[in-house]
Amino acid sequence: MFLPSNIGGDSYRVYNVGSKTKEGVRSFTSVFADRFTGFLALVTIGLVGSIMGYAMLKNITIIIIMVGFLGLFVFIIFLIVEQRWAKFLLKVTRMDQIGAITKGYESFVEDVP
């Protein structure tokens, strides 16, 4: 646990499983999917709770933040499913010229069911 919070545990889990199975990208995908679905559930619960509690809070900012996070997650899912858009985004940002990023993305997407 040399890194703050759960990042250290997740990093070690990716490293440990990756070194034993010799499939680092697949172990990263597994940890990412675990954290992503957990945070997506947390944001969804937060959105529902903030909508239900709006009468008490009278603050739309919380709802806007939760909708923003939910939109970000939908966008990430869209980029995983629609690979041509992700490749277009990589090309526009010129990150496609970095072979490790392109190869890592392609390996990541192959492992996502």
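Student: What share of the contacts with a separation of 6 or more is between residues 24 or more positions apart?

Tutor: Residues 24 or more positions apart make up 44% of those contacts in the protein chain. Keep in mind that this is a predicted model.

Student: OK, and how many helices and strands does the chain have?

Tutor: The count is six helices and zero strands. Going along the sequence, the pattern reads α-α-α-α-α-α.

Student: Is the chain a compact globule or more spread out than that?

Tutor: More spread out. The radius of gyration is 17 Å, well over the 13 Å that the globule rule gives for 113 residues, so the chain is more spread out than a compact globule. Along the principal axes, the C-alpha trace spans about 50 × 35 × 25 Å.

Student: What percentage of the residues is buried?

Tutor: Buried residues come to 19% of the 113 in the chain. As for the surface, the chain exposes about 8400 Å², and carbon and sulfur atoms supply 70% of that.

Student: And the charges, how many positive and negative side chains are there?

Tutor: There are 11 positive and 8 negative side chains. The centres of the two sets lie 4 Å apart.

Student: Switching to aromatics. How many aromatic pairs are there?

Tutor: Seven aromatic pairs. One of them is Trp85 with Phe88, an edge-to-face pair with 6.2 Å centre to centre and 85° between the planes.

Student: Why does that count as edge-to-face?

Tutor: Because the planes are 85° apart, and anything over 60 degrees counts as edge-to-face.

Student: Where do Trp85 and Phe88 lie?

Tutor: Both are in helix 5, residues 83-92. They sit three residues apart, about one turn of the helix.

Student: Is Trp85 buried, exposed or partly exposed?

Tutor: Partly exposed, because its relative accessibility is 42%.

Student: Which residues form an aromatic cluster?

Tutor: Phe28, Phe32, Phe36, Phe39, Phe69 and Phe73 form one cluster together.

Student: Last one, Ser27. Which helix is Ser27 found in, and is Ser27 buried or exposed?

Tutor: Ser27 is in helix 2, which covers residues 24-52. Ser27 counts as buried because its relative accessibility is 6%, and the cut-off for buried is under 20%.

Student: What is Ser27 in contact with, leaving aside neighbours within four places in sequence?

Tutor: With those left aside, Ser27 is in contact with Val14, Val17 and Gly18.

Methods:
Residues numbered from 1 in each chain as written. Predicted model: local features only at pLDDT ≥ 70, side-chain atom pairs only at ≥ 80, totals over all residues. Heavy atoms only, no water. Phe/Tyr/Trp six-rings, centres within 6.5 Å; stacked < 30°, edge-to-face > 60°. Helix = DSSP H or I, 4+ residues; strand = E, 2+ residues; numbered from the N terminus. Buried < 20%, exposed > 50% of the residue type's maximum accessible area, 1.4 Å probe, protein only. Rg over C-alpha atoms; globule rule 2.2 N^0.38 Å. Contact = heavy atoms within 4.5 Å. Areas by Shrake-Rupley, 256 points an atom, 1.4 Å probe, with all protein chains shown as cover. Lys, Arg positive; Asp, Glu negative; His and termini not counted. Charge placed at Lys NZ, Arg CZ, Asp CG, Glu CD.
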